[in-house]
Amino acid sequence: MSDLDNGTGNGTGNGTGRAADGIDESVTAELARLRDSIDNIDAAVVHMLAERFKCTQQVGHLKARHQLPPADPGREASQIARLRQLAENAKLDPAFAEKLLNFIIAEVIRHHETIAEEAVTSEGTSS
């Protein structure tokens, strides 16, 4: 990296190894590297959630066709226990993982309820 580049590409280096804002250029470069990795992980999380919701939408349609309830408390409890164990193994706070899954489950149930309502409405209009 030249002394004209502090890792942000704005050419504010001053030859002292410090950017114009006084932060060491090596720190700025390390922050940029780490933030790039975080951005990549965030993108992967969004894509994985999109794939998960595509599958849960299909589950919702299957449940609606067979008049199954939108929620499945047994499955949800099993998933929470499984995710808590995965979180512990990954050194992630299991309580955080459970909160995240509960949020996702609530959204899935909301989608399933909407799908079921639409199925009932379309049956009523097609008769």
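Helices α1 and α3 pack with their axes 9 Å apart, at an angle of about 40 degrees; axes are lines fitted to C-alpha atoms, for helices over the stretch in contact, and angles run from 0 to 180 degrees between N-to-C directions. The two helices are therefore oblique to each other, that is, neither under 35 degrees (roughly parallel), nor over 145 (roughly antiparallel), nor 65 to 115 (roughly perpendicular).

This is a predicted model, in which local features need pLDDT of at least 70 and side-chain atom pairs count only at pLDDT 80 or more, while totals for chains, interfaces and linings use all residues. Residues are numbered from 1 along each chain as its sequence is written, and side-chain values use heavy atoms, with hydrogens and water left out.

Which residues form the contact, meaning heavy atoms within 4.5 Å? On the α1 side they include F53, T56, G60 and A64, and on the α3 side they include L101, V108, I115 and A119.

Let me turn to α1 itself. Helix α1 covers residues 25–65 and has 41 residues. Its buried residues, those under 20% relative accessible area (1.4 Å probe, protein chains only), are E25, T28, F53, T56, G60, K63 and A64. Their cover includes α3, residues 94–125.

Finally, consider I115 in helix α3. I115 counts as buried because its relative accessibility is 6%. Beyond its neighbours within four places in sequence, I115 is in contact with Q57, G60, H61 and A64. I115 and G60 lie 55 residues apart in sequence, yet 6.3 Å apart in space, C-alpha to C-alpha.

Methods. Helix = DSSP H or I, 4+ residues; strand = E, 2+ residues; numbered from the N terminus. Expected span 1.5 Å × (residues − 1). Buried < 20%, exposed > 50% of the residue type's maximum accessible area, 1.4 Å probe, protein only. Contact = heavy atoms within 4.5 Å.
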